[in-house]
Amino acid sequence: MGDEMQDQAGGPMTAAVDIQSVTKRFGDVVAVDNVDLEIADGEFFAMLGPSGCGKTTTLRMIAGLEFPTEGSLKIFGEEVGTLPPNLRPVNTVFQNYALFPHMNVLDNVSFGLRMQGKDKRESAHAAQEMLELVQLGGMAKRKPDQLSGGQQQRVALARALVNKPKVLLLDEPLGALDLKLRQDMQNELKSLQRELGVSFVFVTHDQEEALTMSDRIAVMHDGKLLQVGTAEELYDQPVNRFVADFIGQTNLIDATVFDADMIVLANGTKIRAPNPYPAGDKVAMSLRPESISIGHVDEVPDEFRSTSLTGTVSDVIYLGHSHVYTVNVDWMPLEVRTNATPTSIKHEPGSEVAIWWDRRSDWVVPDEGHGA
Amino acid sequence: MTAVATPKFEAANERKKSRRGFLLALPAYVYLSLFFALPLLSVVVYSFAKRTSTGGVALEDWNIDSYTKLGEPIVRDILLRSFTLAIITTVICLVLAYPFSYFLATRKASTRNIMLVFVMIPFWSNFLVRNYAWRVLLGNDGPVSRVTEGVGLGETTILFTPTAIVLGLVYGFLPFMILPLYAAVERMDWSLIEASRDLGATGMQTFRKVTFPLSLPGVIAGSILVFIPSLGAYVTPQILGGGKKTMLGSYIVTQFLTARNWPVGAAVSTVLMVVMLGATMLYFRKGGRTL
Amino acid sequence: MAGNAKQLKGNTRWALGLNATLVYVFFYAPIALLILFSFSDDPLVGRWGGFTLDWYRAFGENEEVQSALGVSIRVAIMSTVVSVVLGTMAALALERYRFRGNKFFDALLYLPVIIPDVTMAVMMLLFFTIARNAASTIFGVDVSKGVWSVTVSHIAFSISFVSIVVRARIAGMSEKLEEAAQDLYASRWQAFRYVTLPLILPGIIGGGLLALTLSLDDVVITQFVAGPGSTTLPVYVFGLIRRGVSPLINAVSVVMLAASVLLVLLSLVAQRARGGDVT
């Protein structure tokens, strides 16, 4: 990243959250490893990664529920690394919500204001307004366990937002909801965030959720921050094998750099693939299943000759809108996804085929970050 | 007070947290050290002390005489009797409690909760009175006697016999067996039993090969919870045994209150504690939890 | 379906049901008969001679019984208050913090629960005797056993029971709730006061009622550490029983049993409660 954020006047803008060289160790375990991260004001920001990757620990450090072992953590320019959670201008929507079971919905929502010393009537009034905003105006007197999962989720949101936090933190906020409700809540969260203009920082292990909701996404693995970018950037230009594999489906083909324009695959085939790596480097080519075309061996268009391979169909699955082929090219199986239209030809298992792609749709990543 | 976090700050914060925990524990810690650990230690120390001719205790000439005395026929008989009665009690409790717990675990939740409460009541309620009830029932002229006479079996004479002691102990400690057993059976994965039956095992085979092994932690926990207090029982032998056939508990009391041989009393107590600690460690090793 | 295995069939069901019935009869028949005979107008214990409340009247008029009851209640209240405070603090420390020596403390806290009555009784007797000798030789004061030594001993075992009950409650409460409170601007104390405390209160009350029951019921330990004038009701009754049975003991027993059953029931209800409201 590295490009300075600018406000409208063109001057440097203060980041909502500015994490510099932050490391968190639990005993010998490095949970978060030297992470640098800037989150802009008003941004919908996702932290994505498999469980144990350090995303939740990072979120908890922003909230103040954990202190960094070292590094700087600023919220709107103010260093907060050593402040306890109650002195930080951020609020959290916890995984499974952590609603206070002994208080009714209204008392839950007004809790933060009361703790800040606000008058009881005023707090209740503000809480009621926030409940209206999340469409739970009529539920004020209910206890949390009398609400559905989706309603509890909204109460948790209201309870955090009523304090007008400068940054809202969400820890797997939709994890406990079923699929349909989750999709509804995704839209609602997104529009709520736009309406309020506050930064939302949310943690998820669900890449689809991250891709559909966020302005930018940080991918973490083993405590390290691998890549920060928009959904398109992560999808089209992953920085390493892990990100390429973790975001969406892809074929990762081992190769060696020939020159700035060509790579050599394991069977000696030269493929056009622009890359910035020195000749002789081990790399991998990421090729999305849907950017590959499939046809008879003699059908390869001339302009794609330098980005084509031949192989045998070993399996085909019909998904209604598409066919998913498994094509064995000599040394490895590749997944190919084609649109299924009434005119498209289906290639039966066993048939010899050629596959080809636009050279702008392959992407070369360094051969590190194995394993997911 | 805004500063960049450092390893030093983190460590200091951890220390602060740990100190807070320590301070919270401190009052109970001090209290138990003073009024539990210290008394416990003094019993152990006294078991190695010398008894003076006047019945006092001299804290010198440390010896193991009190322990060698445990091998003498009188004491050995008492040890043997106590262990025997405690084992019989445990076995009877197990035999009664196992089917009971199994039945309990197969009831629906609402029934089960009510049934459990009625096990919990004798578990916690006055032990002395519950033993006394049997004394009334078993007395010469008591209801049990009159029933047995009525049906021509003659007067019941089990009061003040080991049988009465075992009866009282079973009555007192049966809930100690039921509760952990029930917990173990209830936690069991019932689909395993289904699977066993599905694979052609008979009911008895399923029980022997699947159900019983799975409930074994509960069996062990319950047995220990019944065995330990039975071994150290004092009230029951006094009330239902008439104090005639002495058990360990009564023997210890006699050594302290009447015979005034504190070192021997302390030695027997120490043995009892060692057995108890061993059993408890076994209990926790087997994954037992406190009730 | 796993439910099928839970369906008992034919004979098994019948046999298990019979066993369960017998167990309950075994538990409750002696108690029921004791209660019945306590209302019997016959000087011979265990024989029905018509209904009377005489024995309960005798219970109310017997000064020794009344003074023993007074001691019992005083000891029970004092030991409950102290053990609830210490036991709750210990439970919080063990469930929410890691500190040096916490494993040892944990073990120390369990011991009083599993140690046999008699062993604890001689421990305390020995300890108070040593303490008394030490006090008279070193400070020249006489600290005879009395209500205080009974109370001190009761606290020593009650702390453990209270802390076990409270710990179970704290363990069932997500730490996330306390974190949420702090995230919502509560100081540590406020988080405890408004979130932790109301949620563990049922455990504290349940533990307290249990401590009360145990203190009111204890015979063996009390008998060893009671001095003149500090005889509790169970110790007094135990003394009577050893001399023989009597209708008066029946009545006293029923009162003691009723008290302990009531406290146990209250304790069970409290432990299952959801947690109080904060206003």
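Colleague: Which helices and strands each supply at least two residues of the lining of the second largest pocket?

Modeller: Bear in mind that this is a predicted model. The elements are β1 of chain A, α1 (7-46) of chain B, and α3 (63-96), α7 (175-183) and α8 (188-217) of chain C. The largest share, nine residues, comes from α1(B).

Colleague: What makes a residue part of that lining?

Modeller: A lining residue has an atom within 4 Å of a pocket point. For this pocket, of about 1,500 Å³, 46 residues line it, and the closest to its centre are K17(B), R20(B), Y97(C), Q182(C) and R188(C). By class, the lining has 20 nonpolar, 10 polar and 16 charged residues.

Colleague: Now to chains A and B. Why is the pair E10(B) and K24(A) called a salt bridge?

Modeller: The closest N and O atoms of E10(B) and K24(A) are 2.6 Å apart. The limit is 4 Å between a Lys or Arg side-chain nitrogen and an Asp or Glu carboxyl oxygen, so the pair qualifies. The count between chain A and chain B is one salt bridge.

Colleague: Which strands of chain A each supply at least two residues of the side that touches chain B?

Modeller: They are β1 (17-26), β4 (70-75) and β5 (78-79). The largest share, three residues, comes from β4(A). That side has three nonpolar, five polar and five charged residues.

Colleague: And how much area do chain A and chain B bury between them?

Modeller: About 1,000 Å², with 60% of it on carbon and sulfur atoms. The contact takes 13 residues from chain A and 10 residues from chain B.

Note on methods
Residues are numbered from 1 along each chain as its sequence is written. Chains are lettered from A and ligands numbered from 1 in the order in which they are written. This is a predicted model: local features need pLDDT of at least 70, side-chain atom pairs count only at pLDDT 80 or more; totals for chains, interfaces and linings use all residues. Side-chain values use heavy atoms; hydrogens and water are left out. Contact means heavy atoms within 4.5 Å. Buried area is the accessible area (1.4 Å probe) that two parts lose on being put together, summed over both. Helices (H or I, at least four residues) and strands (E, at least two) are DSSP runs, numbered from the N terminus. Ala, Val, Leu, Ile, Met, Phe, Trp, Tyr, Cys and Pro count as nonpolar, Asp, Glu, Lys and Arg as charged, and the others, Gly among them, as polar. On a 1 Å grid over the protein atoms alone, a cavity is a set of points where a 1.4 Å probe fits but cannot get out, and a pocket is an open set with protein on both sides within 12 Å along at least five of seven lines; lining residues have an atom within 4 Å of a point. Grid points are joined across faces, edges and corners, and a volume is the space filled by probe spheres set on the points.
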